[in-house]
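Visitor: Please put the model up. I have some questions about its packing.

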Amino acid sequence: MFRLVFKQLISQQINHCCTNSCSPRHLFHEDCERAINNQIIAELNAAYAYLSMAAYFGRTDVALPGCEGFFNAMQVEELQHAQKLIKYQNLRGGKVLLCPLTCSDCTEWGISKSLSVGLEMEKLIKEKLISVHEVAETHNDLNLMDMIVTDFINEQERSICEFGRWLSRYGSLQGNCSGCGCVDFLFDKEIHKTYVKSDPTSEKTYK
Ligand SMILES: [Fe+2]
């Protein structure tokens with residue numbers, strides 16, 4: 001009798017191990033999985049918007065290579081964030097669920113509008129990252145909480161600061177050069193020199 005019960009217990013244990021052995025999923029709540037998928041979409045939507053802006057500045061009738069490089073680099077950065085989250089989702093045994101992206105129908109961005117939209121978008125992404133952190137906290141998912149803070153929040157603050165600084169700089173140039181029509185040219189030259197070309201080792205280097 002004892003042998004039979006023992007045999008059944010071992011059999012149950014083996015079955016349990018077999019059904020779970022191929023999945024690394026462990027203490028990973030569905031809410032966290034969903035929150036990560038939402039964040040992936042947010043990062044991809046931002047990348048899509050930056051791509052639209054870079055395309056605008058690269059147009060023959062606009063021809064502002066500094067701004068084109070800046071927004072191209074921003075696009076790459078957002079894409080890398082999405083890829084990092086996809087890798088993390090797979091690492092935890094979750095499933096990536098993508099959906100159609102939201103696109104802007106704006107074709108005439110301009111420097112002021114693109115920087116303002118970029119700043120708002122970066123702030124929104126930060127809020128969404130905090131939401132992911134809150135979901136992780138609710139389910140006591142220390143690993144996800146750490147990943148969001150270490151790999152995303154700090155960089156997000158830097159992006160917000162960067163957009164704010166460029167927006168201020170553009171405003172200053174507008175104030176100093178009112179009426180002379182060279183503001184966009186000067187700003188593009190500056191962003192090209194100080195951001196795009198100044199750090200050849202940076203991920204944001206314009207190529
Ligand atoms: Fe991002």
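Guide: H4 and H5 pack with their axes 9 Å apart, at an angle of about 160°. Axes are lines fitted to C-alpha atoms, for helices over the stretch in contact, and angles run from 0 to 180 degrees between N-to-C directions. This is a predicted model; local features need pLDDT of at least 70, side-chain atom pairs count only at pLDDT 80 or more, and totals for chains, interfaces and linings use all residues. Numbering starts from 1 along each chain as its sequence is written.

Visitor: Is H4 roughly parallel or antiparallel to H5?
Guide: Their angle is about 160°. Angles over 145 degrees count as roughly antiparallel, those under 35 as roughly parallel, 65 to 115 as roughly perpendicular and the rest as oblique. So H4 to H5 is roughly antiparallel.

Visitor: How many helices does the chain have?
Guide: Helices are DSSP runs of H or I, at least four residues; strands are runs of E, at least two; both are numbered from the N terminus. The chain has zero strands. Its order from the N terminus is α-α-α-α-α-α. The helix count is six.

Visitor: How far apart are the end C-alpha atoms of H3?
Guide: The expected span is 1.5 Å times one less than the number of residues. H3 has 27 residues, so it should span 39 Å. The computed distance agrees, at 38 Å.

Visitor: Which residues does Met53 touch, beyond four places away in sequence?
Guide: Contact means C-beta atoms, placed from the backbone, within 7 Å. Leaving out residues up to four places away, Met53 touches Phe71, Trp109 and Ser114.

Terms used:
Two residues are in contact if their C-beta atoms, placed from the backbone, lie within 7 Å.
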